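Subject: Handover of a structure

Dear colleague,

I am handing over the structure below, together with an account of what was found in it. Please read the notes alongside the sequence and the 3D view.

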Amino acid sequence: MSELLDIATRVAGWANDGEQVEAFVVHETETEVRAYEGEVESFTRAESQGVGVRVIVDGKQGYAYAGTLDDTALQETLREARDNASFAEPDEFNGLAVPDSVEPASLELWSDAVGAFPTEEKIALAIELERAALAADTRISGIESAEYIDTAYESAVATSTGIAAAARETGCYVSVYTLAEADGETQTGFGFSIGRDPSELDPAIAAADAADRATRLLGASKPGSERLTVVFDPWVTAQFLGIVGHTLTGEAVLKGRSMFADRLGDVVANPMITLVDDATDPAAFTASALDGEGIATRRTPLIVDGELQAFLHNAYSARRAGSSSTGSAVRGGFKSGPSVGAQALTLLPGTQSQSELIAGIDNGFLVQGVSGLHSGVNPVSGDFSTGAEGLRIRDGELAEPIREVTIASTVQRLLQEVTGIGDDLQWLPMSSAGVSLVVGDVTMSGA
Amino acid sequence: MLDHELINRTLSTAMRTGGEFAEVFVEDKRSSSAVLDDGRVEELTSGRDRGAGIRVVVGDTTGFAHTADLSEAGLSAAAEAAAAAARGGGGGAKVVAVSPIDVERSVPVRIPPEGVAKATKVGLLTLANEAARAQGSAISQVSARYGDSRRRILVANSDGVLAEDDQVRTLFSVSCVASGDTGLQTGRESTGRTVGFELFDEADVEEMGRRAAERAITKLSARPAPSGAVPVVVGPGGGGVLFHEACGHGLEADLVGKGASVFANRVGEQVASPLVTLIDDGTMAGEWGYFAIDDEGRPAGHNVLIQDGVLTDYMWDQLRARKEGRLSSGNGRRQSYQHLPMVRMTNTYITAGHDDPEAIIADTDSGVYVAQLGGGQVNTATGDFVFGMTEAYLIENGEITDPIREGNLIGNGPEVLTRIDRLGHDFAMGSPGTCGKDGQGVPVGDGTPTLRVTSLTVGGTAA
């Protein structure tokens, strides 16, 4: 770890007078084992590293990266970032993060057990996962993929403005995609189990979930179109929150790409909605003590009892908004600079179980899966339309499976029309937690 | 890119423990981009990433390792790791000797982007921005992006193949936000080709800015999209995404081989309307999904997948083709040297029909006209797919009328293919796309003439 920080600090130290330099350095190892028909289908050992350098001079910003960390590459990258900056236009708010008074949370995200886990056991886990999924239900006809993956990720960021931060984390998971068949019809399902170290993995749960997801849709038909109440399964809610989180970033707000831009202090959601972003929560798989600029992450309530209270900021958007960073700089690797994003979003859970929520619905749709979130949801206008599948709700009970429909509304309306939140909060392998969510007056389009 | 003797030694190392097949994939990729947003050239980014991925196959097991260290020591370590990962048994030494194959590139790059001044690239952004904003005060935000990449690859394998390619791509896009009483709307326009900076001999960035702006402004007065099944006419170039999702992915041999495709075991059958001839063609010079060799060293192919509605073949990569005792169709692709190749589309299109496009609309009493599609997603095992419409209108009494708001359309691939009842003579390629599969993105192109689907479910909110 200190080696990466040494590299980052060295590059930041090459800053000229009147120039700000930031270096972000990463190193990652990954093992991936895929099982198929009781054998190893593929075994990948990957080790990758890279550096991203940001230069700001006279308010102008440039960025460059390289996939190698030798001194020649580092110097070339800095030179290139400098050259790039000279062609940008100045922005008075450009500037790197500066240390603030918030102490990084103490999180234990690294486990030596990942590195020590023997190869044979990784293989055994993947093969066992496939076997368990096939055995979970007689209607499981095949496995599309069954895999074990572990990663060890280390990063460091240093700036000429005094940031010097390093972090490391391990993670591992098993995941399986099943095919179920009955009466000549095929359906698919997935299941997973995730942990910081392999002892936390449970292939039996992953296999059972994948079998359940695939078989519950067998015999599904396409219904007609109507307006009804929907219940989002936790998995679906987490994806929806991801979209909401995007609209609440300082980046979207300041550049006029958020429908919530001038709504601070307004009631934008049903009063039962309290939405918080908190990467210091150790239960979140995306937990992190530091953001992408090396600033301590912190708990930021965004919507409280339906009222919009805050936006997320990195150093740039905070400065431009006259606010302070919420430790929300996020990076998608070393090939681009930091943007603003939610890291661990969660709704305050309710007190009813999913079946209790369903018991109160006469005519509804339990949405267990959505598709086309990237093609049918516009986070700027709020238009929301996705493919959906799941189970019909009739007279408070789950009824027949339905597929090949869409559900549509707008992000704004969905937040207002929430009428119930479950007690089944669960962290999922994305930057938000899932919970059952009841939303009224959604259009289902079918035959 | 690498000395042939070094390649031979690396392959021999990879085969030492009983490998049946070994491959070295070397990649050296340079990219540069520039973004204008909020009225300002915000940032330029450039970078280089290079390394090698080494694959060893033993029986049904593939071992894979990659390294950014292209020295003899680095390659040797990766070859040993890949061989160990494939769990090779004893096996004797196998000497590998590769010989280069010559692959003709049908279009040489005329203006290498790396030789173009950054100021010139940045200038394009400013032109697009000004043109978009000049469309009216309703345009409240504009972003424009320029990007180019040069990807040099070398593939060598234990079958003796040695091939190289030099892939240059250039991309430009403009996105606008319009604001009005109805809230915010967006409009986008993009172009991308496997060519150099000569892209801009044809692509008019000001015109792109104007079109993106108009699209956003038009949508300010958009009505809610219909909800339910209606006839859908898709404009020229726009429908490629539909076929990419409705059947393209389902014709990839890896998914077919695992029974995860509704098109498995259907070669020779009528799977689509007789109007439909579907082709995947990596040889289409200059198109976004064009290349000389795929990422397994096979020359790009012109592959007829559906002929007059009859399924003729799937798309193949090396691994799947080897099992079937046939040749790869040149569809083995990977995102980078850090990834294993798999079966991927290139440029996928429907050949032109004979109908007058105006007549197709005029003959549609009521329905939806989709002028521009967004992305999509498919479950190949069930055939259910969605695709987004980013510019669409109502068709009323045979005429295109009001714009409608964005949303997804949903259908089932095998059903939709049989419901294509009109095909125009106005073929066009669509916008450049990035196809995602199993976490890997690769550039793909698509194209169609104007076409009509008798019934597709539109996911709007209007009764």
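To begin with the domains, chain B is divided into domain 1 (4–100), domain 2 (113–154 + 164–219) and domain 3 (227–459), with bounds that come from an automatic or database domain assignment. Please keep in mind that this is a predicted model, in which local features need pLDDT of at least 70 and side-chain atom pairs count only at pLDDT 80 or more, while totals for chains, interfaces and linings use all residues. Residues are numbered from 1 along each chain as its sequence is written, and chains are lettered from A and ligands numbered from 1 in the order in which they are written.

In chain B, the C-alpha centres of domain 1 and domain 2 lie 34 Å apart. The contact between these two domains takes 17 residues from domain 1 of chain B and 20 residues from domain 2 of chain B, where two residues are in contact if their C-beta atoms, placed from the backbone, lie within 7 Å. On the side of domain 1 of chain B that touches domain 2 of chain B, the elements that give two or more residues are strand 1 (21–37) and strand 2 (40–58) of chain B; helices (H or I, at least four residues) and strands (E, at least two) are DSSP runs, numbered from the N terminus. Strand 1 of chain B provides the largest share of that side, 13 residues.

Chain A is assigned domain 1 (2–215) and domain 2 (220–447), and 23 Å separate the centres of these two domains, taken over C-alpha atoms. Their contact takes 27 residues from domain 1 of chain A and 25 residues from domain 2 of chain A. Among the elements that give two or more residues to the domain 1 side are strand 2 (39–57) and strand 3 (60–66) of chain A, and strand 2 of chain A gives the most, with 4 residues. The residues of this side divide into 20 nonpolar, 4 polar and 3 charged (Ala, Val, Leu, Ile, Met, Phe, Trp, Tyr, Cys and Pro count as nonpolar, Asp, Glu, Lys and Arg as charged, and the others, Gly among them, as polar).

Between the chains, 62 residues of chain A are in contact with 66 residues of chain B. Strand 2 of chain A gives the most to the chain A side, with 10 residues, and by class that side has 15 nonpolar, 34 polar and 13 charged residues. Strand 2 of chain A pairs in the parallel sense with strand 3 (residues 61–67) of chain B over 4 bridges, where two strands pair if DSSP finds at least two bridges between them; in this pairing, the bridge partner of A:Arg45 is B:Ala65.

Strand 3 of chain A also pairs with chain B, running parallel to strand 2 of chain B over 5 bridges, and there A:Tyr65 has B:Gly47 as its bridge partner. Within chain A, 7 bridges join strand 2 to strand 3, which run antiparallel, and A:Arg54 is partnered by A:Tyr63. Strand 3 of chain A is largely enclosed by the rest of the structure, because 7 of its 7 residues are buried (a residue is buried if 20 or more other C-beta atoms lie within 10 Å of its own, exposed if 12 or fewer, and partly exposed in between, with C-beta atoms placed from the backbone).

With best wishes
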